[in-house]
Amino acid sequence: MSGSHAVYNSVQLVGPSGARLAHYRKTHLYGCFERDHFTPGDNTVVQAELNGLTVGLMICYDVEFPENVRAHALAGTDLLVVPTAQMHPFQFVAESMIPVRAFENQMYVAYVNRVGLEGEFEFVGLSTLAGPDGVARTRAGRAEEL
């Protein structure tokens with residue numbers, strides 16, 4: 001699929017005024033479902049300035065590729081925001097990989113996950129904000145939280 005008929009898995013960063021600051025398209029599609037329905041994005045580093053921070057965007061599976069996160073670090077990202085739909089049994093990503101990604105790249109990583117059941121999928125929650133010291137500063141449980 002290409003051109004005006006392409007469908008992307010995308011995220012936007014919207015500022016307090018409602019202005020769109022950044023738009024990111026997922027580059028690493030996971031599994032047959034995504035590859036059959038979406039076109040991969042081609043820009044791995046998308047950033048915007050927000051309140052003095054350089055905020056970078058990724059989606060889900062993208063963060064599991066260390067070179068993607070390193071590219072953000074080299075480009076000066078302070079906070080990497082990663083909305084995700086992580087399913088059972090891959091909770092180790094939220095529990096272990098996200099704090100390591102934050103540490104090895106010396107940035108904050110906010111991993112924001114879905115929770116609950118949808119069809120055959122069980123989303124594990126465990127949204128995490130990890131710091132450059134590799135410590136999970138805060139972590140949600142398996143239910144909805146704010």
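**View A. Aromatic cluster of Tyr 30, Tyr 61 and Phe 65.** Ring pairs join Tyr 30, Tyr 61 and Phe 65 into a cluster in this predicted model. Rings of Phe, Tyr and Trp (its six-membered ring) are paired if their centres lie within 6.5 Å; planes under 30 degrees apart count as stacked, over 60 as edge-to-face and the rest as tilted. The structure contains 4 aromatic pairs. One of them is the edge-to-face pair of Tyr 30 and Tyr 61, with 4.9 Å centre to centre and 75 degrees between the planes. This pair links distant parts of the chain, 31 residues apart: Tyr 30 lies in the loop between β2 (20-25) and α1 (31-37), and Tyr 61 in the loop between β4 (53-57) and α2 (66-74). Helices (H or I, at least four residues) and strands (E, at least two) are DSSP runs, numbered from the N terminus.

**View B. Tyr 61 and Phe 65, with accessibilities.** The ring centres of Tyr 61 and Phe 65 are 5.0 Å apart and their planes lie at 80 degrees, so the pair is edge-to-face. Tyr 61 is partly exposed at 23% relative accessible area, as is Phe 65 at 21%. Partly exposed denotes values between buried (under 20%) and exposed (over 50%), with a 1.4 Å probe and protein chains only.

**View C. Arginine charges over aromatic rings.** Arg 25 lies over the face of Tyr 8, 3.7 Å from the ring centre. The charged end of Arg 114 sits over the ring of Phe 123, at 4.1 Å from its centre. The criterion is NZ of Lys or CZ of Arg within 6 Å of the ring centre and within 35 degrees of the ring normal.

**Notes.** Residues are numbered from 1 along each chain as its sequence is written, and side-chain values use heavy atoms, leaving out hydrogens and water. Local features need pLDDT of at least 70 and side-chain atom pairs count only at pLDDT 80 or more, whereas totals for chains, interfaces and linings use all residues.
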